Structures are given as structure tokens and as C-alpha cells.
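Welcome, and please take a moment to turn the model around before reading on. The report below walks through a few of its helices and loops, one group at a time.

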Amino acid sequence: MNRRELLIAMGAGALAAPLASLAQQPAAKVRRIGRLAPATSAFTSLPDEGFRQGMRELGWSEGGNIASEYRYANGVLERLPALAAELVRLKVEVIVAGSTPAIVAAKNASATIPIVMVTSADPVAAGLVASLAHPGGNVTGVTALGQELGGKALDLLKQAVPGISRVAVLGGPAYPLGTGARAIESAARALGVTLQTIVVRTPAEIDGAFAAMREQRIDGLLVLPDPMFTIQNRRIPELAARHRLPAIYELSEFVDAGGLMFYGAALRDMYRRAATFVDKILRGAKPGDLPIEQPTQFELVINLKAAKALGIRIPQSLLVRADRVIE
């Protein structure tokens with residue numbers, strides 16, 4: 001080999017060494033996250049996008065360094081345990097669960113996989129955590145205050161329709177009684193409103209519930225955010241309009257589907273906040289050491305088309321406070 005051939009061979013070897021070293025570097029680990037929801041994918045599209053946004057802000061990208069397994073019960077709560085068990089078999093590292101039934105299903109499926117909850121009304125009363133400040137166990141996340149918001153919602157409904165005096169509170173099978181119910185009752189007393197609580201166990205009972213409201217001469221309606229109602233977000237506002245009942249909902253999708261008013265925590269922001277818990281857990285934090293957060297953003301949405309159909313004139317003082325007005 002002459003001098004020129006030797007130099008070429010040495011140069012090729014120098015280039016090959018770092019390339020070979022680079023090829024031997026392990027690929028970045030893809031972290032697997034489970035998402036468990038009682039509703040449909042369409043119903044949770046906005047919250048899911050809030051979660052993905054939060055993850056992107058923290059350096060995690062879907063299809064990049066994280067892979068998500070989505071499981072939706074489509075309003076059939078009985079499916080949640082099987083879906084939770086499926087996520088456990090997939091060996092996800094974290095389960096993000098929305099609503100108390102989904103959180104319970106995830107916790108029953110695994111006592112070790114971290115669970116980040118969103119929208120649980122009262123996780124302490126439900127036995128999911130020891131306390132908000134020190135959850136313990138494998139559950140943490142964001143609580144929605146549940147029916148604590150119901151008292152404020154009832155007050156807003158009374159402001160919109162001052163003449164109402166008999167209000168039905170419509171709940172479903174997962175409606176958690178307790179401090180939330182007391183908050184609604186306390187607001188009702190202060191407003192001079194008589195409450196009638198109506199709990200339906202299946203969608204088939206909803207028509208009968210509205211018939212009962214007519215017989216009891218109900219003139220206002222507060223619809224609680226029960227998971228079973230998520231696939232009834234068009235039917236319930238239609239029944240309220242048919243019975244000429246001004247109603248306020250604790251899920252904004254009901255107002256987008258024709259309901260009168262919504263007041264509650266901003267779900268998109270709550271799921272964005274949930275991403276911070278997932279980020280900390282993936283980086284080594286224990287869920288039991290992460291204090292549970294309460295929502296900081298709340299929304300009021302008013303549907304003027306629905307108000308007009310009911311013959312209601314919403315006070316300007318209420319309209320200026322609305323975060324969104326549907327005209």
C-alpha cells in the first residue's frame with residue numbers, strides 16, 4: 001500500500017468509527033400513557049387536546065417520545081372495569097382517568113400504576129385519596145369540586161330567570177351526595193328556591209324524569225355532570241326546551257347542543273394541568289407525594305338562541321360576565 005492509499009484508508013476508518021458509535025446509541029424510550037374516559041372520543045376531544053397541549057409544553061410529543069392508549073366507555077359505565085384492566089395488561093406507565101367512576105375502575109385494576117385523576121368531585125369522600133395535600137397511594141391529579149359549583153350555578157340560573165321558585169336537580173347513578181349537595185341546598189335556601197332532587201339510573205328513565213318535573217310544576221332545572229349524561233347532551237336540552245324549562249348545566253357541551261346556560265370548571269385547562277402530574281410521574285415522582293390541585297379557571301356560557309325560544313330575556317349584567325355567548 002502506497003502513502004496515498006494509506007491516508008485514504010486511515011480517513012475512512014476515522015469516519016466509520018463515530019458513525020458506528022452513533023448507530024450503537026439506544027433509541028429514546030417511548031413512554032406509554034393510558035387514557036380512560038366514560039364518554040365518547042368526540043365528547044372528550046376538547047379536554048384531550050388540552051392534555052396534549054400541556055404535554056407538548058413540557059417536552060412530550062404524541063407519536064414521538066410518548067404513545068397514548070385511549071379507551072372510551074361511550075357512556076356505558078359498566079365497561080370501565082374491563083377497559084381499565086386492558087390498560088393494565090398493556091403495561092402503561094400512567095393512567096389519566098376522567099370522572100369518579102373511571103378513577104375507581106383504574107384504582108381497582110391496579111394498586112401500583114400511577115393514576116392521574118381529572119374531574120373527581122370529592123376524591124377524599126370517595127376513598128380515592130387520604131387527603132388533598134397528602135394523597136398517598138397511587139392516585140393524584142385535579143379535582144373538579146363537583147357539586148360545590150352547583151350552588152353558584154343555581155344562583156346564576158336565578159339571576160337569569162328571577163321568577164323561578166321550584167328547581168329540579170337532575171343527577172345520574174354516579175352523582176356523589178355529600179358536601180356538594182349541601183352547597184346546592186344552602187344556595188336554594190338563600191335564594192328562596194324549593195329543590196326537588198331527581199336521580200335517574202339509566203337513559204331510559206330520563207323521559208319519565210321530565211314528566212315528573214311537569215307534574216311537580218318545576219320551573220327551573222340544574223343538571224349535574226354525571227358521566228351517564230355525556231351521551232345525552234342533545235336529548236336532555238331538547239327535553240328541557242320541550243317542557244319549557246330554563247336549565248343550567250355543569251357540562252358546556254349541553255349548551256353547545258342547544259341548552260340555555262353552563263357554569264363550571266374549564267375542562268380543557270384542567271386536562272392541561274393534569275399533564276404536569278403525568279410529566280412529574282414520568283420523571284420519577286410518586287403520585288402519593290403530589291398534592292391534588294383544584295381548578296382555577298371557571299366558565300359561564302349563555303345560549304341566547306335558547307333563551308329566545310323560551311321567551312327569556314337574559315339581564316345585561318349577566319351577559320357581560322359570560323365568557324362566551326351563543327347568538
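In this predicted model, helix H5 buries Gly150, Gly151, Ala153, Leu154, Leu156, Leu157, Lys158 and Ala160. The helix covers residues 150-160 and is mostly covered, with eight of its 11 residues buried. A lysine, Lys158, is one of the residues on that buried list.

The protein chain has 327 residues, and 49% of them are buried. Its secondary structure amounts to 12 helices and 12 strands. Among the contacts between residues at least 6 apart in sequence, 72% join residues at least 24 apart.

Now look at helix H10, residues 267-282. How far apart are the end C-alpha atoms of H10? They are 23 Å apart, and this agrees with the 22 Å that its 16 residues should span at 1.5 Å a residue.

After H10 comes Gly284, which has a positive phi near 115 degrees.

The axes of H2 and H10 come within 7 Å and cross at roughly 40 degrees. That angle makes H2 oblique to H10. On the H2 side, the contact is made by Leu46, Pro47, Glu49, Gly50, Phe51, Gln53, Gly54, Met55 and Glu57. On the H10 side, the contributors are Leu267, Arg268, Tyr271, Arg272, Ala274, Ala275, Val278 and Leu282. Sorted by class, the contact of H2 with H10 has 10 nonpolar, three polar and four charged residues.

| Helix pair | Axis separation | Crossing angle | Handedness |
|---|---|---|---|
| H2 and H10 | within 7 Å | roughly 40 degrees | right-handed |
| H3 and H4 | within 8 Å | roughly 50 degrees | right-handed |
| H7 and H8 | 11 Å | about 25 degrees | right-handed |

Start with H3 (residues 80-89) and H4 (residues 100-109), whose axes cross at roughly 50 degrees. H3 and H4 are therefore oblique to each other. In this pair, Leu80, Pro81, Ala84, Ala85 and Val88 of H3 meet Pro101, Ala102, Ala105, Ala106 and Ala109 of H4. Which classes of residue does the contact of H3 with H4 contain? There are 10 nonpolar residues, no polar ones and no charged ones.

Next come H7 (residues 206-215) and H8 (residues 235-242), which pack at an angle of about 25 degrees. H7 and H8 are therefore roughly parallel to each other. Ile206, Asp207 and Phe210 in H7 meet Arg235, Ile236, Leu239 and Ala240 in H8. The contact of H7 with H8 has five nonpolar and two charged residues, with no polar ones.

**A few residues in the loops**

Finally, turn to some loop residues. Lys91 sits in the loop between H3 and E3. Although it is not a glycine, Lys91 has a positive phi of about 60 degrees. Is Lys91 buried or exposed? Lys91 is exposed because its relative accessible area is 69%, and the cut-off for exposed is over 50%.

Arg244 lies in the loop between H8 and strand E9 (247-249). Arg244 also has a positive phi, near 55 degrees, in a residue other than glycine.

Ala121 belongs to the loop between E4 and E5. With a relative accessible area of 17%, Ala121 is buried, as buried means under 20%. Where does the chain bring another residue alongside for comparison? The C-alpha atoms of Ala121 and Ala144 are separated by 5.4 Å, while the two residues are 23 residues apart along the chain.

Methods: Residues are numbered from 1 along each chain as its sequence is written. This is a predicted model: local features need pLDDT of at least 70, side-chain atom pairs count only at pLDDT 80 or more; totals for chains, interfaces and linings use all residues. Side-chain values use heavy atoms; hydrogens and water are left out. Axes are lines fitted to C-alpha atoms, for helices over the stretch in contact, and angles run from 0 to 180 degrees between N-to-C directions. Helices (H or I, at least four residues) and strands (E, at least two) are DSSP runs, numbered from the N terminus. Angles under 35 degrees count as roughly parallel, over 145 as roughly antiparallel, 65 to 115 as roughly perpendicular and the rest as oblique. A crossing is left-handed if the near helix is turned anticlockwise from the far one by less than a right angle, and right-handed if clockwise. Contact means heavy atoms within 4.5 Å. Ala, Val, Leu, Ile, Met, Phe, Trp, Tyr, Cys and Pro count as nonpolar, Asp, Glu, Lys and Arg as charged, and the others, Gly among them, as polar. Buried means under 20% relative accessible area, exposed over 50%, partly exposed in between (1.4 Å probe, protein chains only). The expected span of a helix is 1.5 Å times one less than its number of residues.
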